[in-house]
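Visitor: Can you walk me through this one? I'd like to start with the ligand.
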Amino acid sequence: MRIRAFYDRREPTISFEFFPPKNDDAEEALFRDVVPALKDLGASFISVTYGAGGGTRERTFRMVHRIIRDFGMQAMAHFTCVSATRANIGEQIDELHRLGIENVLALRGDPPKGQAEFRPVEGGFAYAVDLIRYLKEREQFCIGAACYPEGHVECAVKHLDWDRTAAKVEAGAEFLITQLFYDWSDFLDMEDYLKNKRGLRVPMIPGVLPFQSTEQIKRFTLLCGSKLPGPMRRKLEDYAGDDESVRQYGIEVCTENCRRLLDHGAAGIHFYCLNRTPSVTQIMKNLGLSP
Ligand SMILES: Cc1cc2nc3c(=O)[nH]c(=O)nc-3n(C[C@H](O)[C@H](O)[C@H](O)COP(=O)(O)OP(=O)(O)OC[C@H]3O[C@@H](n4cnc5c(N)ncnc54)[C@H](O)[C@@H]3O)c2cc1C
């Protein structure tokens, strides 16, 4: 099933994002414990990230394939331009096709470790929009793309970044998933611009990251250029070192944000669950969304 079709349903589409674990034992544990728990929680689909540099490609694609084959769920592979020539990307497209994967989140990708900024390889793509065009030419994928309620961290003018988001939709992206954000007015501003100034009609799905620890949330938001509103930052500092209180506070914040976004009409929520279930299970329960 093409993921775009999920977003046309009346009920919210809830998806969860995994990163590929480092080894086979951890992958097996994920399939034994986490995937069934998310299925029971009513997940519409699971997406699997693509590690910087393409090093996880095999595991990413294999995990997506296993989720579809063994659990009868939908799954989406993230796919980036990092360190890949057009020919490499062509081979990966063939592999996706062979594995029966039809849903892809097309990204430029973050620079590989040790590289300060993104540099396309010779014969590769510089921007996600180029990858989307290429995917569109090659196969009948259902393609999603990333968007940034506060603008992408490398782009000084958020409206310019949003124009580039619009270009990704014009090139063939059928839905957008946001970077994490904690001030919902940023989402409303971006949505207003993309819908009313740029005329986009695709679903824009908020990406939500529950908290694990003060240190972690500060590091993640710094990396992706998302801000932590003042009162939230102060509370996180107060709880620093007490991870369980931070986690509970994250459940409270994310429940409130999800409720507002769904009441506002968001077609779904994409949880950055970091391969864990406790926080998202509680948030789903609070929202009255778990079966
Ligand atoms: C939901 C989600 C999932 C993600 N999953 C992964 C993952 O699995 N693996 C991974 O490595 N990363 C992942 N990322 C991170 C993503 O790769 C980074 O944010 C990356 O820095 C930008 O990717 P993009 O696809 O948005 O790039 P692009 O849309 O190409 O934008 C990158 C930058 O280039 C600028 N730009 C775009 N087009 C042009 C143009 N024509 N001329 C000049 N500048 C331009 C944009 O404004 C922006 O600053 C994910 C992000 C999100 C939101």
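Guide: First a term: helices (H or I, at least four residues) and strands (E, at least two) are DSSP runs, numbered from the N terminus. The model is a predicted one.

Visitor: Which helices and strands each supply at least two residues of the shell around the ligand?
Guide: Strands S3 (74-80), S4 (103-107) and S6 (175-180) do, and so do helices H5 (128-138) and H6 (158-171). H6 has the largest share of that shell, three residues.

Visitor: And which residues come nearest to the ligand?
Guide: Thr49, His78, Arg108, Ala128 and Ala146, out of the 23 residues around the ligand.

Visitor: What's the shell like by class?
Guide: It has 10 nonpolar, seven polar and six charged residues.

Visitor: Back to H5 and H6. At what angle do they pack?
Guide: About 5°, and their axes are 9 Å apart. Angles under 35 degrees count as roughly parallel, so H5 is roughly parallel to H6.

Visitor: Which residues meet there?
Guide: From H5, Ala128, Val129, Ile132, Arg133 and Lys136; from H6, Ala167, Lys168 and Ala171. By class, this contact has five nonpolar, three charged and no polar residues.

Visitor: New topic: how many residues are in the largest nonpolar core?
Guide: It has 80 residues, and those with the most contacts inside it are Ile46, Val64, Val104, Ala106, Ile132 and Ala173. Helix H10 (residues 243-264) gives the most to this core, six residues.

Visitor: What does Ala106 touch?
Guide: Leaving out residues up to four places away in sequence, Ala106 touches Phe79, Ala128, Leu131, Ile132, Leu135, Ile143, Ala145 and Ala173. Ala128 is also among the residues that come nearest to the ligand.

Technical notes:
Residues numbered from 1 in each chain as written. Predicted model: local features only at pLDDT ≥ 70, side-chain atom pairs only at ≥ 80, totals over all residues. Near = placed C-beta within 6 Å. Nonpolar A, V, L, I, M, F, W, Y, C, P; charged D, E, K, R; others polar. Core = buried A, V, L, I, M, F, W, Y, C linked by C-beta atoms within 7 Å. Buried ≥ 20, exposed ≤ 12 C-beta atoms within 10 Å, placed from the backbone. Contact = placed C-beta atoms within 7 Å. Axes fitted to C-alpha atoms, helices over the stretch in contact; angles between N-to-C directions. Parallel < 35°, antiparallel > 145°, perpendicular 65-115°, else oblique.
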